[in-house]
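Hello,

Here is the structure I promised you. Please open it beside this email and follow along.

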Amino acid sequence: MSAEFDQRAPLPGAGASYASAGVDIEAGDRAVELMKEWVKKTQRPEVLGGLGGFAGLFDASALKRYERPLLASATDGVGTKVDIARRLGVYDTIGHDLVAMVMDDIVVCGAEPLFMTDYICVGKVHPERVAAIVKGIAEGCVLAGCALVGGETAEHPGLLGADDFDVAGAGTGVVEADRLLGPDRIRTGDAVIAMAASGLHSNGYSLVRHVLLEQAGLALDTRIEEFGRTLGEELLEPTKIYSLDCLALTRTAEVHAFSHITGGGLAANLARVVPDELHAVVDRSTWTPAPVFDLVGRTGQVERLELEKTLNMGVGMIAIVPGESADVALATLADRGVEAWVAGEITERGTKATGAELVGDYS
């Protein structure tokens, strides 16, 4: 016999409320107040209004100086790196990672970052914690040259634990149509310039966490001599933001393409910008990956090719420039404090070529 429910009859107990369901509106309001000072630091002259509106406003008349402006957009998150931040209780760097993942995708086509929005999902709103995350996003936006024009903080009790959270973001940039970078500009003999990563960046953390924390059982407060700091500090190192460095490079040297080295590794991401008839050859002997990559590979007995398709192996961004422009490009990056080197070249594609490959052994 099925149970019957009379929806007209009141149930025993106190009346339900949003708070009793686990959502604290007042805490959310306090989080907004705490983050306002950080958002203000990202403002560009084209931004209208302040934090708290239903939509962020950006004065598009600023684009009138372009003959044919193309808008570039991207969205991303930082994956399971948020678990490291949660475990360490450090929340003011993960937003920096978010900006890097979004805006460094946008600059690949030569676009100037304009503005960004964020989405923070939490199990329970801790105002200071949310404000710390936004602080990191704001600081990242300053480094990328873009404005943080809005965002959303969502509380999901029952779906996420009280200390669980995730972050995502979306960004917009602009590039003049005739300055759009990409595969059609690349030529045989172009130099492949590698820009050093600051560490693991924000990809491959499911593998890293599995190997180092689950298999090896290392604690995040373990001091690793090769790092000169704790494991947790190494894993939480913010992703380098290359946006303004790449734009500066386009002003001083001829640039044919960029490639942001994220999920999939160096070869797969580089192949995305190489035309079908050409091939990128990158020489591993031109650099030495940071110790963290060796630790993951050695501890988990991870094969080199598996590491290379999961982690960036020490290269966060690639610039492809004419061979004769390589010295100027390297000088520009050096002036900006970016470690860079010629890591390879563009050749004709052979019958077995896949668009990009790594050759030789790491130095």
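Start with helix α3 (residues 94–106) and helix α4 (residues 127–144), which pack at about 40° with their axes 6 Å apart. Helices here are DSSP runs of H or I with at least four residues, strands are E runs of at least two, and both are numbered from the N terminus. Axes are lines fitted to C-alpha atoms, for helices over the stretch in contact, and angles run from 0 to 180 degrees between N-to-C directions. α3 and α4 are therefore oblique to each other (under 35 degrees is roughly parallel, over 145 roughly antiparallel, 65 to 115 roughly perpendicular, the rest oblique). On the α3 side, the contact (heavy atoms within 4.5 Å) includes Ile 94, Leu 98 and Met 103. On the α4 side, Ile 133, Gly 136 and Leu 143 are among the residues involved.

This is a predicted model: local features need pLDDT of at least 70, side-chain atom pairs need 80 or more, and totals for chains, interfaces and linings use all residues. Residues are numbered from 1 along each chain as its sequence is written, and side-chain values use heavy atoms, without hydrogens or water.

Now Leu 180. It lies in the loop between β6 (165–176) and β7 (191–196). Leu 180 is partly exposed, at 34% relative accessible area (buried is under 20%, exposed over 50%, partly exposed in between, with a 1.4 Å probe and protein chains only). Its C-alpha atom is 5.7 Å from that of Cys 109, 71 residues apart along the chain.

Last, the whole protein. It has eleven helices and 14 strands. Of its 363 residues, 50% count as buried.

Best wishes
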